[in-house]
Amino acid sequence: MKGAPKTKNQLRQRRHRRVRARVSGTAARPRLAVFKSNRFVSAQLINDEQGTTIAAAHGRDFKGPQLAQAKAVGEAIAKSAKAAGVTHIIFDRGGYQYAAQVKALADAARAGGLTF
């Protein structure tokens with residue numbers, strides 16, 4: 001073994017690998033993948049069978065604090081998904097806690113018409 005993970009990001013990646021071993025998106029139910037950096041939040045709808053991104057939204061396109069960005073990204077991804085004909089998705093929180101920005105993004109996507 002290479003040694004125990006030491007940084008927050010290494011621990012998050014480890015959690016994400018565990019989840020990704022079981023979670024996979026299809027054309028009918030794509031995976032909504034969330035990523036957070038220190039400045040932005042982004043989301044993608046991914047069809048894992050074909051390895052393609054159906055829709056994406058990024059926080060850099062929206063002004064304001066990160067929580068407001070996350071809400072705007074959730075609304076934007078829901079709008080893009082509906083335009084692509086997607087209403088049912090599988091949520092992949094990316095190893096992050098389901099709180100604050102991740103929760104705001106998910107709630108905004110639900111309000112936009114996506115079903116988890």
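The following paragraphs lead through the structure, from its sheet to its helices and then to selected residues.

The model is predicted, so local features need pLDDT of at least 70 and side-chain atom pairs count only at pLDDT 80 or more, while totals for chains, interfaces and linings use all residues. Residues are numbered from 1 along each chain as its sequence is written, and side-chain values rest on heavy atoms, with hydrogens and water left out.

Four elements make it up: 4 strands in the order β3-β2-β1-β4, forming an open sheet with mixed pairing. Strands here are DSSP runs of E with at least two residues, helices are DSSP runs of H or I with at least four residues, and both are numbered from the N terminus. Two strands are said to pair if DSSP finds at least two bridges between them. Strands of a sheet pair through backbone hydrogen bonds, either parallel or antiparallel. In this sheet, β3 (52–58) and β4 (90–92) stand at the edges; each has a single partner strand, so one side of each is left without a neighbour in the sheet. On average, neighbouring strands are turned by 20° against each other, direction ignored.

The pairings can be taken one by one. Strand β1 (residues 31–36) pairs with β2 in the antiparallel sense over 6 bridges, and these two strands form a hairpin with 4 residues between them. Within this pair, R31 has I46 in β2 as its bridge partner, and F35 stands opposite S42 in β2. Strands β2 and β3 also run antiparallel and are joined by 6 bridges, with Q44 having A56 in β3 as its bridge partner. A hairpin with 4 residues between the strands is formed by β2 and β3 as well, and G51 in its turn has a positive phi of about 70°. The pairing of β1 with β4 is parallel, with 3 bridges; here A33 stands opposite D92 in β4.

Where does S42 belong, and is this residue buried or exposed? S42 is found in strand β2, which spans residues 41–47. With a relative accessible area of 15%, S42 is buried; buried means under 20% relative accessible area, exposed over 50%, and partly exposed in between, using a 1.4 Å probe and protein chains only. Not counting residues up to four places away in sequence, S42 touches A33, V34, F35, A57, H58 and V73, where contact means heavy atoms within 4.5 Å.

The helices come next. Helix α2 (residues 66–83) lies across β1, β2 and β3, and runs at about 25° to β2. Such axes are lines fitted to C-alpha atoms, for helices over the stretch in contact, and angles run from 0 to 180 degrees between N-to-C directions. Two packed helices are described by the angle between their axes and the distance between the axes. For α2 and helix α3 (residues 100–111), the angle is about 30° and the axes are 7 Å apart. The two helices α2 and α3 are therefore roughly parallel to each other, given that angles under 35 degrees count as roughly parallel, over 145 as roughly antiparallel, 65 to 115 as roughly perpendicular and the rest as oblique. In this contact, residues of α2 including L67, A70, V73 and I77 meet residues of α3 including A104, L105 and A108. By class, the contact has 10 nonpolar, 3 polar and 2 charged residues; Ala, Val, Leu, Ile, Met, Phe, Trp, Tyr, Cys and Pro count as nonpolar, Asp, Glu, Lys and Arg as charged, and the others, Gly among them, as polar.

A100 lies in helix α3. This residue has a positive phi of about 50° although it is not a glycine, and at 53% relative accessibility A100 counts as exposed.

Two loop residues complete the picture. I89 is found in the loop between α2 and β4 and is buried, with a relative accessible area of 0%. I89 and A27 are 62 residues apart in sequence and 9.6 Å apart in space, C-alpha to C-alpha. Leaving aside residues up to four places away in sequence, I89 touches R29, P30, L32, L45, L114, T115 and F116. T26 is found in the loop between α1 (8–20) and β1 and, at 26% relative accessibility, counts as partly exposed. Beyond its neighbours within four places in sequence, T26 is in contact with N47 and E49.
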